[in-house]
Protein chains: 2
Amino acid sequence: MDRKRTAVLVAGSWGTALARVLADNGHEVVLWTRTAEQAHEINTRRRNSRYLPDAELPDGIRAVHRIEEALQGAALVLFAAPSAAMREVARLASRHLEPEALVVHATKGFERDTLKRMSTVLAEELGRGHEHIVCLSGPSHAEEVALRHPTTVVVASLCAECGKAAQDFFMNNAYFRVYTNPDLLGVEISGAVKNIIALGAGLSDGLGFGDNAKAALITRGLAEIARLGMAMGANPLTFVGLAGVGDLVATCTSRHSRNWRAGSMLAQGLSLEEVLARMGMVVEGVRTTESAYALARQYQVEMPITEQLHAVLFEGKSSRQAVLDLMARDKTHENNALISADHHK
Amino acid sequence: MDRKRTAVLVAGSWGTALARVLADNGHEVVLWTRTAEQAHEINTRRRNSRYLPDAELPDGIRAVHRIEEALQGAALVLFAAPSAAMREVARLASRHLEPEALVVHATKGFERDTLKRMSTVLAEELGRGHEHIVCLSGPSHAEEVALRHPTTVVVASLCAECGKAAQDFFMNNAYFRVYTNPDLLGVEISGAVKNIIALGAGLSDGLGFGDNAKAALITRGLAEIARLGMAMGANPLTFVGLAGVGDLVATCTSRHSRNWRAGSMLAQGLSLEEVLARMGMVVEGVRTTESAYALARQYQVEMPITEQLHAVLFEGKSSRQAVLDLMARDKTHENNALISADHHK
């Protein structure tokens, strides 16, 4: 494949891991860092010690502190900022983006105040059609991608050519497998909401409940994600694919998941502030709980796990009571529980 | 609820755990054991040390070595024998079963030579209509039920009254939640085939691949189970419910799963014979791989994970090559991979 110039914004754990995939695929990668110190560390020590300490970064990755330097001549720009920073990063990038650059994002969350998806935020700030934005998602812990463990993801876009182009950039035969999917909406909703379920899985594990309880929670979580997604217009098949059940399972059952870890700390009695301070990195599920709680009301969809997490995070409810209340739902015929969104549509 | 007499055949780990649920719910339980020694241990030491060592068995459970003693006066009979023994146990039971007894089974597998489901085997041997058999399934490791960890299961039956009656026997408010589901076929197929996927998950973990790879395997496994089930006439919703994705996730991600453990030992280079000798208990996924492999041909359904497991277990293929071949499938558009059974139907 042709060697092309690519830009990655910003150098968090996922951005750094994906930068290495692009470099492994033979591309030139310019990685934008928030601080000059971080750029210096990456360029001289070939490490991003704060966000992805175990990965050695090849020479094909160059870190820069000025965003215009990152974007100049870039044929692909990967946005991997936390959801709360996406609009600001997009605004900074908009003035320097090459007109033909392919725009891909790998951020899982909604904009809190507007409830907008990341592709919408990018389309607005970059002045591009929504259909030209690509979302990369799926079961992909950055730490494992950094170790080149076999990983499969989807690239979703309304534009088949854009999806195909993104697939060509990221796919390799060694460890990173990329599938295309036209359902941008479903992929973005799945990626965001599964972090709420992972917080719940962490609560359940932290309280000492077992794998039976967690599997039930994941099952109910999948139904809850699909109900919201279908109410918003997504394709039901997306939720049983890699970006749906795949990412949900990876996030709820792995020690790598920050959202799971945050949930398990909450269950041990730490306050939300203490948990966030200890994590030292963004826990997307916390903000997403607020957004999904609002979306559930807007679309009149039943989201019991999201409601219980909202009560634990923002209304002072005890973790134990929340998990017990989830277990004790009154429906006893399974399909009613799975498809109850239909009653509201 | 009324205290009723119930019988459990046989005293393996799952039968013993469910016997304790029935006893906790106030029922009289007679547990049939294969040996007089096992009955003696249960009655005197209140333990089943070989199959469920950590559970103390309450006085409400009485073990007997003669099957007619177990069945006499039993309003519910739970069949929890290994799939390979189900026909023999049903035949032994048929002469002594009370005419009004509710028949429930909790066994996950097919009869190897006939490819019949457990409900079919029971209906044939007990001389009852298929519609009166109930299957209990879902994410439910016996070891956790024995610790009274919160667990949710489904009871599936073509007869709504039978399902409701089984729900009344097993459900309690403390830790065991039971949902009804009319799709007996889908629930039995899910329960059986997920053990193959768990062997595959064990292979992947045993080879040192990570949670990203395992989540992809689980996603593909769910699609594979659903393809076979839908080709046989099951309801697609079953596969996203507790007996489908719930049980699949529990079995592929828990240290309690025997099938997962067997897969991880195979990946470490042990032969199938060595693995089975070390396990000391039935590993249903091994036989089920043979059955599902045959069913896939019969129904012309693509089952790549089952095919690879068949090659590892019975054709001498290396575990590593099998997992790599699964990763390297040539489809690159996700929905094609998920619904490719349609090409064969």
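# A tour of chains A and B

In chain A, 29 residues of domain 1 touch 29 residues of domain 2; contact means heavy atoms within 4.5 Å. This is a predicted model: local features need pLDDT of at least 70, side-chain atom pairs count only at pLDDT 80 or more, and totals for chains, interfaces and linings use all residues. Residues are numbered from 1 along each chain as its sequence is written, chains are lettered from A and ligands numbered from 1 in the order in which they are written, and side-chain values use heavy atoms, with hydrogens and water left out.

**Stop 1: the domains.** Select 5–182 of chain A for domain 1, then 188–344 for domain 2. These bounds come from an automatic or database domain assignment. The C-alpha centres of the two domains of chain A lie 26 Å apart.

**Stop 2: the sheet.** Show the strands of chain A. Eight of them form an open, mixed sheet, in the order β3-β2-β1-β4-β5-β6-β7-β8. Strands (E, at least two residues) and helices (H or I, at least four) are DSSP runs, numbered from the N terminus. Strands pair if DSSP finds at least two bridges between them. At the edges stand β3 (61–64) and β8 (176–181) of chain A, each with a single partner strand, so one side of each has no neighbour in the sheet. From one strand to the next, the twist averages 25°.

Now pick β1 (5–9) and β4 (76–79) of chain A. They run parallel, paired over four bridges. A:Val8 has A:Leu78 of β4(A) as its bridge partner.

Angles run from 0 to 180 degrees between N-to-C directions, with axes fitted to C-alpha atoms, for helices over the stretch in contact.

**Stop 3: helix α12.** Select 258–267 of chain A. Seven of these 10 residues are buried, so the helix is largely enclosed by the rest of the structure. Buried means under 20% relative accessible area (1.4 Å probe, protein chains only). Among the buried residues are A:Asn259, A:Met265 and A:Leu266. Their cover includes α8 (184–206) and α13 (272–279) of chain A. Just after α12(A), A:Gly269 takes a positive phi of about 100°.

**Stop 4: the pair.** Show both chains. Chain A can be laid on chain B by a turn of 180° and a shift of 0.0 Å along the axis, with an RMSD of 0.0 Å. The two copies are thus related as by a two-fold rotation axis. Superposition is by least squares on C-alpha atoms of residues with pLDDT of at least 70 in both.

Note on methods. Buried < 20%, exposed > 50% of the residue type's maximum accessible area, 1.4 Å probe, protein only.
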